[in-house]
Amino acid sequence: MSLPIPQPPAIPFIGNVTALDKDVPLFSQVLLAKTYGEIFKLNILGTTLISCNTYALCNELSDEKRFKKFIAGGLLEVRHVLGDALFTGTAEEDGYGIAHRLLMPAFGTISVQGMMDDMRDICDQLILKWARFGPEAVLDPADDFTRLTLDTIAYCSMSYRINSFYTEGQMPFVAAMTDFLIESDHRSTRPRVVQALVGNAKFEKDIKTMTDLGDRIVAERQAHPTEKKDLLNTMLHSRDPKTGKGMGDDSISRNLITFLIAGHETSSGMLTFTVYHLLKTPDALRKLRAEIDSVLGDRPAQAEDFGKMPYLKAVMYESLRLTPTAPKRGVTALEDTTLGGGKYFVKAGTPIILQVWNMHRDPAVWGDDAELFRPERMLDGKFEALPSNAWQPFGFGTRGCIGRPFAWQEVALVLATVFQKFDVSLADPSYTLQIKQTLTIKPKGFFIHARPRTGKAVFYATPASTLRRGAEDSSQVTSTPQQQKGKPLYVFYGSNTGTSEAFAQRVANAAPSHGFSASIGTLDSAVGKIPTDGPVVIITASFEGQPADNAASFVDWLRHLEGSSALPGVRYAVFGCGNSDWAATYQAIPKLCDTLFEERGATRLVSRGSGDAGTAAFFQTFDEWEAGLWEVLVKEYGTAGNQGKESGGFEVRSVDSGKERAVALRQDDALLGRVLENRVLTRHGPVKRHIEFELPEGTTARAGDYIAILPQNPPRDVHRVLARFGLSNEEEVVISATGPTSLPVNKPVKLWEVLTGYVELGQPATTRDLTILHQSAAEEKTKSHLEALKASYTDAVVSKRISVLQILEDHPDISISLGTFLQMLPSMRVRQYSISSSPLWNPSHITVTVSVIADSAHADNALLGVGSNYLANLRPGDRVQMAVRPCAAAFHPPADPRTPVVMFCAGSGIAPMRGFIQERAVQKAMGREVGSMLLFFGCRAPDQDFLYMDTELKQWVEMGVVDVRPAFSRAAEGSEGCKYVQDRILKDRADVSAAYRQDAMFFTCGSGNAAKGIKASLVEIIREVRGVSDEEAMEWFGKVTMGRYATDIFD
Ligand SMILES: Cc1cc2nc3c(=O)[nH]c(=O)nc-3n(C[C@H](O)[C@H](O)[C@H](O)COP(=O)(O)OP(=O)(O)OC[C@H]3O[C@@H](n4cnc5c(N)ncnc54)[C@H](O)[C@@H]3O)c2cc1C
Ligand code: HEM
Ligand SMILES: Cc1cc2nc3c(=O)[nH]c(=O)nc-3n(C[C@H](O)[C@H](O)[C@H](O)COP(=O)(O)O)c2cc1C
């Protein structure tokens, strides 16, 4: 008896059309596979389509005795242009057969090697363009590679120059083709009556644009024949050895367009994805670069070189595995048959889609790290040893890609040349892959810088706190302003959430007052070019022991520098931002930088500073380190400045006292999410909220990911500043700075806008701030108060969160300029919130669960957390600038839904757990087998903040998806006497141990303190079970939880 193939619930007439994302259907296929598993079917307007997602099923389908290529859906629509030509013809059609036999040899490896010079001709045009645009330009690789591959296929196969690199804007052929392919896909899921309303005019116009180009190329060749043995001459003059027939004019034109379409979309996508993967994997990029340099040196690549470049080959294999640019192909059974060893019955003629994207991630073949780009899995015979048909980005059998050798050589040439000539970097280091889909897929919104390798050093700053991506030139904040005088000083930072960047900014701002002229840049901009003409200050953070996004290439480069004199003449100082909650990797990256600089021959100027963001003394530690730094620098470099005076770094000039209202909207619309719901979850006590957003278009998120938002200060606090300085909220100013800054400078801007969005108003004053305020106080009473604050800084200022603003309000006799005030404030940081939903619930919506920080104890000036209050005050319909950030690789629900899961959390730490449980609830509802979930949840009381327990959580408990073990700190009688999560863990230790033995995965989320308590209880269980000492239990904890225990800490 065969099993039914699962299918999502269908709507009458249209079936499952709405189950597919209109813009990127691939996303839906991935989520449907997660929901239903190895196989599922969809009803699209009455036609049943079966999707297969695992290697085992796709391998079974790769058998020409049982299955043949099937042209259905969007591909059937493409036949409107390509007819019986190679891609869309059927084996039974004469036109297809003749073209196949004539053209196959023309694309053999030997023929393709003969095209090398022509390929290089076009490749050089790309190199020239990037070199001409210069190191600071923001380049769009998808666009440039499309120009390159279209020109290459046209020039190599038809000796026709499209000259895309000399055409402004999008090429008409590409525009028509893109719209045509998208429309073809839409038509296949559009009911006929709707199609009639949409009309065909644009579709037909696009077809005409494409066929006109085909006809023009043929006509030009007929008017000007050549002897060249190219593809076009083969089509015009050869005879089919089997039938003796030639190709008719129609067939030539259709095949010509086939080559223009099939021959450039996929290759340009492959090039763009490969550059993306390499930039996100600095280790792979470094190895590739080393191979290119050793094989090619400075000379141009020849076809023979690629055989000596195994790493390049592995990179290309791996890129096509992880991101196959043709992510699916269609077949159908020749006769009624079964799949999966008799499990599923399929009728002959039913379209079956091999979801190549999904099967290229099947853990059965690729292991648990299938989502990682790791060329090593293709090296040293491993590619050759793969199970048959496990890697099939080029299709299969007689209907496999005819252009494979062509694409391979073209892509190898371009990659080798680009990385031989340029240092390539991401324009936005936090960019994560977004996809655009037509018939094929490509990265979307992906931009790079390409700096000629021989060029002089240019450092670029990319604000960690920006969420804006895309064509905006992020490097514009780089600067060594001309008006700065003094010895050069270089400040480099590695920062994800803006703290290290803000500290770097403060060093740079202070530089002029110590006689230095500062440049500021990301660590990644300093790869291979550490300056020696001035001190180098490095301020950097660590994330799970890894570098920040904008320091990844730098750290990889530094790790692989060799020799004890690799950094001669470099004099440096390092300050690390870290958090001791990550005990094993506390300060990992700053330590590494500090040690390696010394080992490679650089000279340390001051001892490494280490700030612990988890403690109250964080800012003070930095202040003290900075003060020590300036002391040493001034002495070592013999500089003199106005040290200690009120720093005149910023000047704020009023240009309009507020009669004209600014209308400029600073956000980039493409990244705006929309609030759909914002409700309170708690009955009383500290407020927690559930907020649902519609994601920005084209954005996706996995359970466990975060959103990063760039918040705004509470209007109350902005008013407080304006009132203290006696300014209007309509005031327009021009800010000029003598040092680099992330404030908007040299252009009129509303003061309200600056105070709302660019600076943190609520941070505690630093000790340096206190010094400046002291110098500017008129009254002795104030001076002595400030001295007292400084004397017991941690208790008096940090713990109470006394801000500069608060001090200014309390002491009207302190007179400082607005510029000085702005200079004291750190730039606005992004805030991160764990996503508390699963894409299986809704792929385009997310929810977050937020604790609103509002200190009711201090009435009027009570602390209002910037991010949480910004979110709390959003209303349905509001637009919010946001970006999805991937969480650590381990903090996702296990790939196999049968794996048991144990979760520990407190308060809003429930957020990611809610997403995990929701994911399993959907999977279970759809009939998948799911493993047990055990949730330990710390709250105050059942009638106060037992989040979601009346609603979703209750439902999931009833479904048998999750077993909830609460711990009520203020109503322990309701939780079996347990006050805290750690108590409940100990009480229910038998269940925790049993889950461990069943290979469960463990997750903890919440504050650092909660995480410490939870860990202590787990160590205690190990101590008991194994009968060992505390120290040994701690050691065991490290061993037994390796790869099975992931934490996410909020503070
Ligand atoms: C990876 C990650 C995921 C996160 N996910 C979530 C999430 O899902 N939900 C969530 O609510 N938060 C989450 N956070 C925390 C969140 O990013 C913010 O830090 C938090 O909302 C506070 O930011 P704020 O701007 O409101 O406060 P800020 O203006 O930054 O002020 C915060 C300061 O307030 C003080 N403070 C902190 N907590 C309290 C308190 N309870 N009472 C009084 N004072 C306090 C502290 O001194 C802290 O430095 C996450 C953080 C990280 C790093
Ligand atoms: C990285 C680049 C490329 C990839 C990933 C790729 C992928 C594929 C795939 C998957 C198929 C099979 C489609 C199916 O089964 O429906 C295919 C077929 C085809 N490809 Fe490619 N291709 C690439 C480059 C090229 C190039 C450069 C050309 C032309 C020079 C080309 C021409 C064709 C043609 C004509 C077919 C149809 C073959 C047939 O049905 O007989 N491709 N390609
Ligand atoms: C997900 C995550 C992982 C972290 N991992 C570490 C770590 O391994 N070691 C460490 O010292 N600090 C760690 N931290 C703390 C950060 O380094 C610290 O908050 C730092 O101030 C962030 O700097 P930034 O704002 O410049 O990015 C981590 C923080 C987060 C949010």
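Modeller: Start with the polar contact: a pair of N or O atoms within 3.5 Å; within protein, one must be able to donate a hydrogen and the other to accept it, and residues adjacent in sequence count only if both atoms are side-chain atoms. Here a backbone N or O atom of Ser851 sits 2.8 Å from an oxygen atom of ligand 1. Thr849 also uses a backbone N or O atom, 2.9 Å from a nitrogen atom of ligand 1. Tyr833 uses its side chain, with an N or O atom 2.7 Å from an oxygen atom of ligand 1.

Biologist: What share of ligand 1 does the protein bury?

Modeller: Accessible areas come from the Shrake-Rupley method with a 1.4 Å probe; for residues, only the protein chains shown count as cover. Ligand 1 taken alone exposes 970 Å², and the protein buries 68% of that.

Biologist: Before we go on, what kind of model is this, and how is it numbered?

Modeller: It is a predicted model: local features need pLDDT of at least 70, side-chain atom pairs count only at pLDDT 80 or more, and totals for chains, interfaces and linings use all residues. Residues are numbered from 1 along each chain as its sequence is written, chains are lettered from A and ligands numbered from 1 in the order in which they are written, and side-chain values use heavy atoms, with hydrogens and water left out.

Biologist: Which residues come nearest to ligand 1?

Modeller: A residue is near a molecule or strand if one of its heavy atoms lies within 4 Å of it. Ligand 1 has 20 residues around it, and Arg831, Gln832, Tyr833, Gly867 and Ser868 come nearest.

Biologist: Which element gives the largest share of that shell?

Modeller: Helices (H or I, at least four residues) and strands (E, at least two) are DSSP runs, numbered from the N terminus. Strand 24 gives the largest share of the shell around ligand 1, four residues.

Biologist: How do the residues of that shell divide by class?

Modeller: Ala, Val, Leu, Ile, Met, Phe, Trp, Tyr, Cys and Pro count as nonpolar; Asp, Glu, Lys and Arg as charged; the others, Gly among them, as polar. The shell around ligand 1 has nine nonpolar, eight polar and three charged residues.

Biologist: Now ligand 2. Which protein donor does its iron atom have?

Modeller: Donors are N, O and S atoms within 2.8 Å of the metal (3.2 Å for Na, K and Ca); water is not among the atoms, so sites may look incomplete. The iron atom of ligand 2 has a single donor from the protein, Cys401 (SG), 2.3 Å away. Cys401 lies in the loop between helix 17 (363-366) and helix 18 (404-421).

Biologist: How does ligand 3 read?

Modeller: Ligand 3 is surrounded by 19 residues, and Ser495, Asn496, Thr497, Thr499 and Thr585 are the closest. Backbone N or O atoms of Asn496 and Ser500 each lie 2.7 Å from an oxygen atom of ligand 3. Helix 19 (499-510) and strand 15 (571-578) each give two or more residues to the shell. That shell has six nonpolar, twelve polar and one charged residues.

Biologist: Last, the cysteines. How many disulfides does a search find?

Modeller: A disulfide is a covalent bond between the sulfur atoms of two cysteines. The cut-off is a pair of cysteine sulfur atoms within 2.5 Å. A search of the whole structure finds zero.
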